[in-house]
Amino acid sequence: MDKLIVRIKMLTPIWTGGMVGRMDRIHETGILGGLRWWFEAIVRGLGEYACDPTGNNKCQYDPKKQRSPKEQLCFVCYVFGATGWQRRFRLEIVDAQTECILQSGDKILNIRPPHRTRGWYLPAGNMGKFTLKFIGDPKSLSLMAALLLFLEKWGNLGAKPQLGYGIFMIENRDDVIEWAYSKSDAKPRWNWKVFSNDNSNKDLPDLRQFGFFKYRFKPTQPGWWTRVPGLSRVSTKIQPIISQYQTVPVSPSLKNEWRFNQWNHKWGDEREIFGVMQPGGNRLRSKVAVSWAYKTDRVWEVRGWVWLKSPKWANKVWDILSNKQIWQTILNAHGQIDTYKPTSSKDVLEILEGTK
């Protein structure tokens with residue numbers, strides 16, 4: 001079996017679950033769940049079927065049937081495993097050097113913008129560095145390398161991207177690129193491709209329904225974040241995070257502006273877009289994910305994505321998210337917004353091939 005080593009540095013906190021509301025360590029299951037979710041969206045975006053692993057029609061492998069695993073399983077289940085079928089690789093977390101962002105024993109960081117009675121509750125995620133060690137056959141490792149290069153640029157690691165978690169950089173990027181795009185027999189190149197089958201479930205994440213955005217800015221004064229709505233009241237808690245890790249929890253302030261000040265309630269669908277806690281404790285998750293601000297070289301960045309699931313509101317919400325004036329007002333800094341919205345499998349292939 002071969003090994004793929006990926007050294008990760010978090011740019012915003014990571015959350016992979018833990019005991020009693022705090023992360024005790026980086027959990028492999030939390031990483032694997034996020035990798036699979038994104039891989040499903042990519043496969044559907046490329047025009048191929050991927051089952052819902054939580055649904056009634058999820059894939060199952062029966063060795064008694066006179067059909068091969070590839071014939072019984074969707075492409076995602078063949079790689080990530082299903083009932084009766086083992087995942088094509090093993091993941092280990094090694095050399096973890098991370099710590100909780102809240103050192104006072106607090107479990108929650110509550111960001112409450114003006115005029116909000118509750119606000120947003122951010123769990124105490126971890127910052128720092130760790131290494132992902134994948135063990136498996138060369139083709140599966142090439143796929144994992146290509147997937148991680150995509151997530152470094154467009155997605156996230158772990159859970160809670162809607163709260164801004166999971167933005168990262170790959171420190172040994174050249175090694176990972178070699179695994180993904182080398183043409184040697186030992187490290188076979190992973191070729192993304194458009195599938196001829198377009199049998200995709202439109203109710204499940206599909207990259208052809210996504211929009212991606214990034215806002216880059218240079219603050220004109222130190223302490224710029226104190227003027228972001230809602231952050232000054234928790235300044236004593238977030239100042240150590242900013243000083244040590246160069247990341248600022250601006251996601252609640254942006255989402256507050258988009259949801260309560262920019263979205264016209266007459267348009268409807270607000271809860272479907274921005275999420276809500278439903279009766280019984282079930283959560284309808286937000287279709288909008290926006291990161292914390294993080295510093296790269298001399299500029300700050302905030303990036304994210306939206307699942308434009310419904311044609312009824314897709315254009316309206318996209319216009320709000322891509323409005324540079326809103327970003328400048330909330331972050332108190334002039335900058336540049338870049339957006340990309342794939343609408344075809346060819347577009348999806350283009351962004352996958354542009355991650356080197």
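The lining of the largest pocket divides into 11 nonpolar, 6 polar and 8 charged residues. Here Ala, Val, Leu, Ile, Met, Phe, Trp, Tyr, Cys and Pro count as nonpolar, Asp, Glu, Lys and Arg as charged, and the others, Gly among them, as polar. This pocket has a volume of about 860 Å³. Of its 25 lining residues, Gly119, Trp120, Arg259, Gly275 and Arg283 are the closest to the centre. Strand E4 (120-123), helix H7 (251-262), helix H8 (270-274), strand E9 (276-277) and strand E10 (283-284) are the elements that give two or more residues to the lining.

A word on what you are looking at: this is a predicted model, in which local features need pLDDT of at least 70 and side-chain atom pairs count only at pLDDT 80 or more, while totals for chains, interfaces and linings use all residues. Residues are numbered from 1 along each chain as its sequence is written, and side-chain values use heavy atoms, with hydrogens and water left out.

As for terms, a pocket is an open set of points on a 1 Å grid over the protein atoms alone, where a 1.4 Å probe fits, with protein on both sides within 12 Å along at least five of seven lines; lining residues have an atom within 4 Å of a point. A volume is the space filled by probe spheres set on the points, which are joined across faces, edges and corners. Helices (H or I, at least four residues) and strands (E, at least two) are DSSP runs numbered from the N terminus.

Let's move to the second largest pocket, which holds about 530 Å³ of space. Among its 22 lining residues, Trp37, Lys160, Pro161, Gln162 and Arg285 lie nearest the centre. H1, E10 and strand E13 (299-307) each give two or more residues to this lining, and H1 supplies the largest share, 6 residues. The lining divides into 9 nonpolar, 9 polar and 4 charged residues.

Now follow H1 to its partner. The axes of helix H1 (residues 28-45) and helix H4 (residues 138-154), as lines fitted to C-alpha atoms over the stretch in contact, come within 11 Å and cross at roughly 90°. The two helices are therefore roughly perpendicular (65 to 115 degrees, with angles run from 0 to 180 between N-to-C directions). Leu35, Trp38, Phe39 and Ile42 of H1 meet Leu143, Leu147, Leu148, Phe150, Leu151 and Trp154 of H4, where contact means heavy atoms within 4.5 Å. These residues divide into 10 nonpolar, no polar and no charged.

Technical notes. Parallel < 35°, antiparallel > 145°, perpendicular 65-115°, else oblique.
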